[in-house]
Amino acid sequence: MGDTVEASWFAEKIADRSIRGIALETSALIRAGVLPIGTRLPAIRDIAYELHVSPATISEAWSELRRQKIISGRGRNGTWVSGDRFVAKPERLASSGNYRAGVLDLTLAGPDAALLPRLAEAMAYGASVDDLNSYERSRIVPELKDAVSERWPYEAEAFLATNGGYNAVYTILHALVSPGSSVAIEHPTAMRLLDILEDLGVKIIPVACDGDGPLPASLSEALRQRPAAFLFQPRLHSVTGVTVSSSRLDQLGDVLEDSDTLIIEDDGVGDVSTAAPQSLGGRFAERTIHILSLSKSLGPDLRLAVLSSSAPIVDQIQSYRSFSAGWTSRILQGAAAWLLRDPATWQLIGKARAIYQQRRDALADALSERGIPIPAGQGLCLWVPVVSEPFAMVTLAARNIAVNPGSKFSVLPSSHIRVATSTLNDLCEEAADAIALAHAP
């Protein structure tokens, strides 16, 4: 095997001495190549002594890294950084299953394909935009910039088209946030956002929320740890269905006033929401990045989102993108611009909003009738409280219903399940009966 590192050297590299912090920071050292494949890690008792924690804390952290196949071995035989190569994998998303016929799959809170606009005419227009097949790394085609600017929540200095909302977040974080930094984010939040943060190796600081959005006091507490960024969903929360109230947005701005924290706004549900777009960009133009995804309203196969920020920040993001694709398909950008200017598109989006709301409300009302009150909200899913997540998951699986455990959407203990409602129609009562059985042992 490879070299063994000293426990004292290892302890100097670990700042967060919680179970999760030790696991994340060790993972970051491995990803960065500081701990190469084949390195033998110090004995658990030696690391515990140097970090001033219990051996059980190290054992729990190592268990998490073994689960991710980052390290291998145990006990007196030693523990090593394992594998021929390090393979990044979105653990939360990757653990979603493929279900057999007959299973009611309520795990994916995506748009109903029947409620999305047809793309043929839009794609034909997209194929006619200027500069097709040029290797010039253009940021956004003029047609799309003009179309989104009409509804943008503030006067932005610079725009950039990206290959979807999560691609935008991934690119922003890798371009602007260093591994080992801290990022504050809503609790709960989208599981793919957590996957991206965990892959980057940052410390995740959860910010508690209520029915109006992130709590100012919780954000203030998070800012004491000087996070590199605060990432939140200002328009419609993709998990809970909550919209940040305008007064709460102002309060969050007051908390952020005296910090230099980067503000990342993820409008992932986009125009499926009936709420108007809103942003802190008008107040903090130099450090706000606002992302609008078009996947839920226009279709995920457009693979398109648009972000705005200051010109220097967009320059940094575009510079990082130059390592890979460099630009987003001009054909897809042109198609999206055509759809956004088509009155029939907005009529269909309005119809989709109403149907999504009807489906969400139907399950929420059915659960309330069964003694499980659900707060009012919008979107494509419900955030349902349960007494025991494992019991709820097993009970629903026994009835051929698949949902997501709330733990996928949080770094804190959870007692929820997330139930997608976007395609739930005729089986609403059946689903409600099963969820009521799963609610409590």
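I started at Gly110, which is buried, with a relative accessible area of 11%. That value falls under the 20% cut-off for buried. I kept in mind that this is a predicted model.

**Entry 1. Around Gly110.** I placed Gly110 in the loop that runs between strand S4 (104-105) and helix H6 (120-126). What does Gly110 touch, leaving out residues up to four places away in sequence? I found Leu380 and Ser422.

Entry 2. I traced an open sheet of 8 strands. Its order is S5-S12-S11-S10-S9-S6-S7-S8, and the pairing is mixed. Which strands stand at the edges? They are strand S5 (158-162) and strand S8 (213-214). Each has a single partner strand, so one side of each has no neighbour in the sheet. A reminder to myself: strands of a sheet pair through backbone hydrogen bonds, either parallel or antiparallel.

**Entry 3. Strand S10.** I went through S10, residues 262-267, strand by strand. S10 runs parallel to S11 and is joined to it by 5 bridges. In that pairing, Glu265 sits opposite His290 of S11. With S9, S10 also pairs in the parallel sense, here over 4 bridges. Phe232 is the residue opposite Glu265 on that side.

Is S10 mostly covered or mostly open? Mostly covered: 6 of its 6 residues are buried.

Entry 4. I looked at which helices lie over S10. Helix H9 (residues 191-200) lies across S10, and also across strand S6 (182-187), strand S7 (203-210) and strand S9 (229-232). Its angle to S6 is about 165°. Helix H13 (residues 311-321) lies across S10 too, along with S5, S11 and strand S12 (305-309). H13 runs at about 25° to S5.

**Entry 5. Backbone exceptions.** Most residues other than glycine have a negative phi, and most peptide bonds are trans. I listed cases that depart from this. The peptide bond from His187 to Pro188 is cis, with omega near -5°. Pro188 is in the loop between S6 and H9.

His52 has a positive phi, near 60°. I found His52 in the loop between helix H3 (44-51) and helix H4 (55-67). Is His52 buried or exposed? Exposed, at a relative accessible area of 70%.

Asn133 also has a positive phi, near 65°. Its loop lies between H6 and H7. Asn133 counts as exposed, at 75% relative accessibility.

**Entry 6. Cavities.** Rolling a probe the size of a water molecule over the atoms shows where empty space is left. How many cavities of 30 Å³ or more does the structure hold? I counted 3.

The largest cavity has a volume of about 120 Å³. Its lining has 14 residues. Val148, Arg151, Trp152, Asp271 and Leu292 lie nearest its centre. Helix H7 (142-149) and strand S11 (288-293) each give at least two residues to this lining. By class I read 9 nonpolar, 1 polar and 4 charged.

The second largest cavity has a volume of about 40 Å³. Its lining is Val272, Thr274, Arg353, Tyr356, Gln357, Gln378 and Gly379. The classes here are 2 nonpolar, 4 polar and 1 charged.

Entry 7. I then checked the second largest pocket, which holds about 730 Å³ of space. It is lined by 37 residues, and Leu108, Ala109, Tyr166, Arg192 and Lys296 are closest to its centre. Helix H8 (165-176), H9 and helix H12 (295-298) are the elements that give two or more residues to the lining. Which element gives the largest share? H8 does, with 3 residues. The lining divides into 13 nonpolar, 18 polar and 6 charged residues.

Notes: Residues numbered from 1 in each chain as written. Predicted model: local features only at pLDDT ≥ 70, side-chain atom pairs only at ≥ 80, totals over all residues. Heavy atoms only, no water. 1 Å grid on protein atoms, 1.4 Å probe; cavity = no way out; pocket = protein on both sides within 12 Å on 5 of 7 lines; lining within 4 Å. Points joined across faces, edges and corners; volume = space filled by probe spheres on them. Nonpolar A, V, L, I, M, F, W, Y, C, P; charged D, E, K, R; others polar. Buried < 20%, exposed > 50% of the residue type's maximum accessible area, 1.4 Å probe, protein only. Contact = heavy atoms within 4.5 Å. Pairing = 2+ DSSP bridges. Axes fitted to C-alpha atoms, helices over the stretch in contact; angles between N-to-C directions.
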